[in-house]
Amino acid sequence: MISNFYKKFSLNNLQNDKPSGQIATILILVIVVVLILILTTVNLGQLSISTTNLSNVADSGALTLASQLAARANQIAGSLQTSCGNPIECCQSGGGFGGLLGAIIGAIIAIVIVVVTWGWGAYGAFAIMAGFAGGAVGGAAGAAISGTPILQGAIQGGMIGAAIGGAAYMGAGAFGMESALFTPVTAAEGLGAQAAGSTVIWEGSQAYILSTTLIPSAAGAVAGGALSASASLYNAYVADQNQAAAFTAAARMLNGLLDYDRYRESVLLQVFSQTVDDPNKDIDVDDLNGNGDITDKVSHFLYYWAGRMSYLKGIIPSLQTITSSFFQGVLPTFSNYITKELNVTEEPGLGYEDPPIITNGYLSQSGTIATVAQALNPAFWNPENEKSFASIVSGFETFTVLAAEIGATDISRLTSNWQTYIKNFYNEDTGQAEGENTVTDYYHLLEEVKGNLADWKTQIINKRNQLASCKLGTTMDFSFGFGGGEGGTSCQSCSGPFCLNDCIISDGPEASPIPCKLDTTINGGSLDYNINDEITPALNDVDTLINKISGFQSDILSYVTNMENTYAALQTGYGGLNPATYSWTDSRGEHSIKAQVGNYQLARTVTTKSGGGWSKTICVRLVDYSDNGANSWVEITRQDPTNKDVKSGRVSLGLWNPFFSGTIKKKGKSSYSWDRVGLTP
Amino acid sequence: MKFLKNRVGRARQIGKGAQSSLELAASLVVIFILLFGSLQVFFWVNKRLVQRQKDYEVQRVTAGNSGSEVKVDETNYPKLNIFGQ
């Protein structure tokens, strides 16, 4: 029969002069041509699917990123709106220079405390849902094309988004799904709803039914309807028994990352979960999916992801140590020092009947500087002067109150947000325009304070030099030689060789005017008839304050430098943080997905100033709250095998991707502001 | 009689040859129609694939913005016409 078949269909039939079998042979040739056409179409279709899928994933990643960034900006904008009716800028005029001292710490609190409050407090659900909604939209768009059910993609994105929005919240109890989107039900009801096709998310034995329908983007729907699916990691999970737990585990690992890292990693997880179709599995010896079974298998990707998350979190203890050292060591030490010098302290006397020991801080109203300024009346004693004693003391008072408040903030939250507030301590952009004002920071502000204090010194010395010289005399004892009646001591002028010059003459025609300068010391002077020098100690106290501020400035620089250097060590490890590459090998060959997120910025506040004197305006301004796609983008590069033999047994059917480099690169750009999100060309 | 037999036999042979030619011609026509149709389908599918991809790339940004509604207009897409215009 085979011989007969060969005779019928042999190509020799076309050469031989035989009437039979020629048509069959031609038919075979035509079928071969048709098969080549089909293979080409399938190859092109697969390429189209991959390209569209990658575009969707890039778009969904960019949307997710923008959504999260906008949600964060919205939180701070909401805080500013509540405070002063303006979502972008809160300004205060007439605070003088000293107002800035407190305002900068206030700006830091606006970032850290507000986010903490919204994350942990009454607005926790909002934070979660802001994240959820953002992730859901992105997830839905990406899922449509990748063949993942749209709602499933939305849930997937939402889970990642929730991990961001309620990261702190999650730490306490998984996803904290008390929001209106999810209805908590019993396990039995959850199973029933799941069987009926509803979307149910499990948190242990607690089930939550999604009660909102999410509509995918039209682009996703169009492409999704036309083209079939390429596998995705989530689909791979779906095929397993532990799919939800495994993906939940991957999303939950985002919890505990630094804020800036968490935004990037959430997008990367979103991208990888929709593009990686690695079929390789590892035995879950670490129980990454949290189901208590260490003999089951999970995707190899989950182990890659767990390693990456551990690596990123490995740096956090070091950063926390530095942060703790600053906020619980340096800052309170400096703040306590200022507090002590601002106040009058009273301590019990040494003996039982001894009077209490009263210490006037030199920035107090009865301290050395105020006493001298009151007597000499220099310019800085005028409260209407922006660099006045009153203004700077007031600024220091605000500083100590806010420093105490920020010192009580959880160190992990401070560490988590360090990249957003640290520029309030030291900002290389100081002096640059921001809106109508100029940017400033604590380091440079303290430099100005030091200049003002040096100016105080100059003014005191100038005033002192204008004083008349003190008339000095000798203390005479009148107890003897005058009848022994009402004796006592008196300061008498003395021109003899044995004069001691140890008092200021207060009586008689040669009485000294006070205040007066003491010619016996360089900058000395007395404010009363006691010969003690009151001016030199005040000048020394100003010097001490300047030195203390210099020390605090050095500490600020050390803190900022240490944090940046410690974090910079991350950039070189783990094959690069951004872009991140995941590679795998399967029966088709070697694949890799490289995902890169733009140099996005988290919304933060800066302190700005303008004007002078009591018309000075100090503003806490929201910055980095919008982007037009320059920094909020996601680029994905997929590398698939090329020129791969398509075989059936030992027979080669042709080459896969023969005219294609195997590399597809797609970029999604998003634009956002604190009140909107969208894609941009 | 023998002559007649030869004539009939020759005529039968001639008839067989003509039959083969007719069958060959018909088969070739069908085969080429099949080939032509396959090519038409091939071009139609791939042109649509490219066109859809282009439309998708143009509309993805619009679709990704909230409140927007994007519909694909297929009126200008190539029509499937096996036998040409």
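Helices α14(A) and α20(A) are roughly antiparallel to each other, a label for angles over 145 degrees. The model is predicted, so local features need pLDDT of at least 70 and side-chain atom pairs pLDDT 80 or more, while totals for chains, interfaces and linings use all residues. Residues are numbered from 1 along each chain as its sequence is written, and chains are lettered from A and ligands numbered from 1 in the order in which they are written.

Select residues 316–342 (α14) and 535–568 (α20) of chain A: the two axes come within 10 Å and cross at roughly 170 degrees. Axes here are lines fitted to C-alpha atoms over the stretch in contact, with angles from 0 to 180 degrees between N-to-C directions.

Next, show the side chains of the contact (C-beta atoms, placed from the backbone, within 7 Å). On α14(A), they include L319(A), I322(A), F326(A) and F334(A); on α20(A), F552(A), D555(A) and Y559(A) are among them.

Move to residues 300–314 of chain A, helix α13. Helices are DSSP runs of H or I with at least four residues, and strands are runs of E with at least two, numbered from the N terminus. Which residues of α13(A) are buried? They are F301(A), L302(A), Y304(A), W305(A), R308(A), M309(A) and L312(A), where buried means 20 or more other C-beta atoms within 10 Å of the residue's own, and exposed means 12 or fewer. On the other side of α13(A), select G307(A) and S310(A), which are exposed.

Finally, show all of chain A: 20 helices and 24 strands, with 44% of the 681 residues buried.

Notes. Angles under 35 degrees count as roughly parallel, over 145 as roughly antiparallel, 65 to 115 as roughly perpendicular and the rest as oblique. Two residues are in contact if their C-beta atoms, placed from the backbone, lie within 7 Å. The expected span of a helix is 1.5 Å times one less than its number of residues.
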